[in-house]
Amino acid sequence: MTKYIIRRLLYMIPVLLGVSLIIFLLFNVVSGDPTAVLLGKNATARQMADLREQLGLNKSMFLQYIDVVKSAFTFDFGYSWATKQEISQMIKQGSYPSICLSVPAFVISTIISLFISVFVAYYRGKGIDLFVRVVCIAGMSISALAYILFFQWFFAYKLGWFEISGFEEGFPAFVPYIALPAIIWIVLSIGPDVRFFRTVILDEIYQDYVRTARSKGLSEMTILLRHVLRNAMIPIITYVVIQIPSLILGALLLENFFSIPGLGGITLNALNSSDFPVMKAMAILSSVGYIVFGLISDILYTVADPRIKFK
Amino acid sequence: MTLPLLSVKNLVVEFRTGEGIVRAVNNISFDIPHGKTIGIVGESGSGKSVTSLAVMGLLQKPAAVIPQGEIFFNGVDLLKCNENEMRKIRGNQISMIFQEPMTSLNPVFKVGEQIAEAIRIHKNVSNKVAWEKAVHLMNLVGIPNPSASAHKYPHEMSGGQKQRVMIAMAISCDPKLLIADEPTTALDVTIQKQVLELLHKLQQDLNMSMMFITHDLGVIGDIADDVVVMYRSNVVEQNNAQEIFTKAIHPYTKGLLACRPKLGANPRRLLTVSDFMTEEGVEKTVPVERIQIFDKESEVIKTDHVLLEIQNLVTQFPIKGGLFGRTVDHFKAVDDVSFKIKKGQTLGLVGESGCGKTTLGRSILRLVEPSAGKIIYDGKDITHVQHEELRLLRKKMQIIFQDPYSSLNPRMTIADILMEPLNIHNEGGTKAQRYEMARALLEKVGLKASLMNRYPHEFSGGQRQRICIARALMLRPEFVICDESVSALDVSIQAQVLNLLLDLQQEFGLTYVFISHDLSVVNFIADEVGVMYAGKIIEMDKASNIYKSAKTEYTRALLSAIPKGETKQSLASLV
């Protein structure tokens with residue numbers, strides 16, 4: 001097992017090299033000269049050359065690639081073109097509000113969805129099951145924007161239960177700020193989550209071992225909670241864990257509408273101002289996140305299913 | 001006279017489907033006395049499993065309805081019990097073993113825990129006591145080293161051991177009635193024999209009643225007291241086992257008794273149920289020539305043309321280890337195998353699961369790459385041919401797989417399935433000509449041409465295997481490998497498919513390699529038989545000799561494992 005983890009960690013090296021290459025090609029080769037965007041329409045050739053020199057764009061392609069690789073392994077991403085701040089510092093500051101919003105919202109929505117899924121699986125085929133499925137589809141059919149605008153207007157503005165926007169550091173000071181976006185997050189994810197979990201659980205319910213459990217005289221609820229859920233865990237783990245890296249990015253839309261100064265906001269600003277180093281940093285961070293959490297979900301499989309063993 | 005333990009009276013079970021109401025069990029009645037074993041025999045779809053699920057109260061509601069009938073267990077009508085009352089009976093007073101030991105256990109719990117669970121809920125004892133009882137039961141059902149084995153997960157056990165665990169689970173609460181639904185069908189013959197003996201012994205020792213469901217009369221020959229024969233949702237005959245085996249009355253029962261290939265003497269083609277009765281169930285007289293014993297030796301094609309020669313073939317799979325998954329060792333699935341097959345003949349390969357017979361078949365077709373040795377087909381070394389040459393070769397060599405349920409693409413019509421090989425090899429002219437070829441071959445394998453545009457799920461197992469055979473023959477191959485091609489079929493269907501394979505061999509001059517775990521089947525169809533064990537062919541002889549003068553202990557074990565039930569009666573006395 002330890003061997004397996006070490007091997008998987010070593011495999012990260014070629015993957016990161018590949019990721020750096022793709023990011024390098026996207027930003028340094030395909031996207032063309034950023035100085036034109038940075039200096040605006042009236043820049044002189046002289047100014048552009050100076051800026052290129054300053055940003056290290058006149059180095060050879062190979063050395064520029066090495067810079068990308070270096071940043072991927074050291075997490076030292078240099079300075080933002082737009083704000084001139086150190087990027088690792090910006091990320092550190094942005095993470096706090098993002099995590100305050102995304103982690104509670106994610107955990108709560110996953111737990112609620114699992115609970116509802118087991119409930120509707122128990123009543124499969126009955127009226128309540130149909131009702132929940134219809135609500136899920138209806139909920140998924142409405143645009144996220146509609147929820148954000150309506151909830152913000154109704155609960156925060158009309159009823160005044162929550163702050164309309166902004167953020168404050170420290171618990172419990174941030175709670176009134178993140179409560180409403182977190183609720184919207186939960187409402188948005190329950191539809192797809194319940195549909196997925198329900199399908200996975202029902203796939204298991206028709207397996208032979210469930211028939212054996214029934215023939216032992218177990219009650220339907222015991223069978224669901226003890227026998228079926230354990231077996232349904234593998235696809236559920238995959239589905240849940242692979243979402244975690246995107247939590248770091250926060251919720252682009254939610255953070256933007258509620259003026260939460262998180263990583264989502266930083267990314268949006270970077271996109272708007274052609275701030276290449278910040279975009280590169282976010283791209284590298286999320287690929288590292290995916291690789292790491294992919295490994296974590298693989299390790300969790302061995303906990304959930306004794307048939308899976310890594311050597 | 002005491003009341004029977006279980007008494008089924010005028011039971012009717014119906015299923016509501018999209019196409020209307022299907023009657024799965026039609027007004028059947030039978031009794032199971034205390035301490036006796038009742039065999040319920042019938043082919044798939046005859047309603048025997050539905051009957052057992054009705055007794056257990058496990059029918060899938062609301063699709064299944066019981067409009068009529070009573071099931072008395074110890075004087076209580078089970079059909080009037082509610083779910084809570086049934087739960088107290090299930091696993092406690094009536095328990096059940098299923099056909100598929102591979103999937104019937106929960107893969108993520110230790111087997112000891114799965115046995116202990118039933119004890120805990122019914123006997124209200126502590127975890128520790130239940131676990132100790134589980135270990136004790138595992139010992140009772142003959143699992144080696146039970147206290148350690150209780151900590152194993154199902155995937156760490158063999159099929160036979162898993163079925164023993166299922167049995168331990170079923171007897172854990174000292175049930176009065178044990179229902180065994182085809183408990184040995186998925187197992188090798190030698191394991192089947194052990195499991196049958198175990199069930200019989202437990203039934204006697206614990207003084208249980210047993211309801212043993214099977215499609216194969218031969219299996220229950222030694223253990224059943226009474227036999228109930230079911231056919232198309234009805235009970236057609238029920239009697240004392242002795243009487244059934246010696247004086248069967250209903251033509252369907254006679255057909256079931258006659259269709260199992262016997263070791264040694266067999267007619268040229270196996271008798272089938274359709275020899276005894278018409279589609280409508282009217283009894284027919286079997287022509288005398290159908291039961292004449294056929295001497296294979298007399299008709300062996302005198303040819304010296306060797307179609308396939310295997311020389312010292314080895315197929316090995318790497319065992320990975322180390323930090324970077326280097327190959328540290330090899331597992332030899334096929335270990336130094338050599339044989340020859342003459343054109344138009346059949347070589348039978350027999351052995352148990354894991355002996356390498358399937359890998360050998362696939363190596364011959366180059367579906368798995370052999371590691372050493374030579375494959376010489378029609379005088380040409382094909383061990384290393386590639387690309388176009390290999391593609392041309394594949395036209396001449398075909399394979400029919402074991403499981404007719406999973407080897408047909410469920411989203412293709414029968415016409416598309418049959419025409420696909422022609423399309424791949426660009427054979428058979430225009431689309432209309434290809435369609436015509438497919439239609440002709442479908443009729444040849446005994447299916448109506450009007451079924452061409454149906455999908456696989458609309459066919460029964462036997463019909464699907466016929467489709468698989470037709471698909472293999474579409475390219476007019478010379479050489480066909482049948483890999484356990486009849487093992488998943490009911491005995492009555494098995495006989496039809498075996499007959500079909502022989503008819504086709506005669507008509508097209510096919511050469512077969514026939515792989516099976518059942519020596520009686522191999523013995524019937526093959527001219528020569530090779531016995532495989534641990535990757536090697538340990539014995540090879542003419543089919544007519546091997547059962548008389550087996551040279552190795554292993555072959556003798558295989559021979560003695562064949563159920564003897566059917567041999568009590570000669571074919572002639574059935575007619």
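Okay, let's start in chain B, with an open sheet of six strands in the order β16-β17-β18-β13-β19-β20, where the pairing is mixed. Strands here are DSSP runs of E with at least two residues, helices are runs of H or I with at least four, and both are numbered from the N terminus. Two strands count as paired if DSSP finds at least two bridges between them. At the edges sit β16 (397-400) and β20 (536-542) of chain B, each pairing on one side only. From one strand to the next, the twist averages 20°.

Before I go on: this is a predicted model, so local features need pLDDT of at least 70 and side-chain atom pairs count only at pLDDT 80 or more, while totals for chains, interfaces and linings use all residues. Residues are numbered from 1 along each chain as its sequence is written, and chains are lettered from A and ligands numbered from 1 in the order in which they are written.

Which way do β13 (residues 346-350) and β18 (residues 511-516) of chain B pair, parallel or antiparallel? They pair in the parallel sense, over five bridges. If you want to find the spot on screen, look for G348(B), which stands opposite F514(B) in β18(B). Then there's helix α21 (residues 553-560) of chain B, lying across β13, β19 (528-533) and β20 of chain B and running at about 105° to β19(B). For angles like that, axes are lines fitted to C-alpha atoms, for helices over the stretch in contact, and the angle runs from 0 to 180 degrees between N-to-C directions.

Let's zoom in on two pairs of strands. β7 (residues 177-181) and β8 (residues 209-214) of chain B run parallel, with five bridges; A180(B) has F212(B) in β8(B) as its bridge partner. β9 (residues 226-231) and β10 (residues 234-240) of chain B are antiparallel, over six bridges, and V229(B) stands opposite E237(B) in β10(B). How many residues lie between β9(B) and β10(B) in their hairpin? Two, and R232(B) in the turn has a positive phi of about 45°.

Next, a helix: α16 (residues 431-444) of chain B. It has 14 residues and reaches 20 Å from its first C-alpha to its last, close to the 20 Å expected at 1.5 Å a residue. That expected span is 1.5 Å times one less than the number of residues. In α16(B), the buried residues include R434(B), A438(B), L441(B) and L442(B). Buried means 20 or more other C-beta atoms within 10 Å of the residue's own, exposed means 12 or fewer, partly exposed is in between, and the C-beta atoms are placed from the backbone.

Why do we say the buried residues of α16(B) line one face? Because, seen down the helix axis, they fall within an arc of 105°, the arc being that of the directions from the axis to the C-beta atoms. In general, an α-helix has 3.6 residues a turn, so residues three or four places apart point the same way. The buried residues of α16(B) pack against α15 (414-425) and α17 (461-473) of chain B. On the face turned away from that side, you find the exposed residues A432(B), Q433(B) and A440(B). After α16(B) comes G446(B), with a positive phi near 90°.

Over to chain A. Its secondary structure comes to 14 helices and zero strands, and buried residues make up 30% of its 311 residues. The C-alpha atoms fill a box of roughly 85 × 60 × 35 Å along the principal axes.

Last stop, where the chains meet: 22 residues of chain A are in contact with 28 of chain B, contact meaning C-beta atoms, placed from the backbone, within 7 Å. On chain A's side, α1 (2-30), α9 (208-215) and α10 (220-241) each give two or more residues. α9(A) gives the most, with seven residues. That's me done, thanks!

How values were computed. Contact = placed C-beta atoms within 7 Å.
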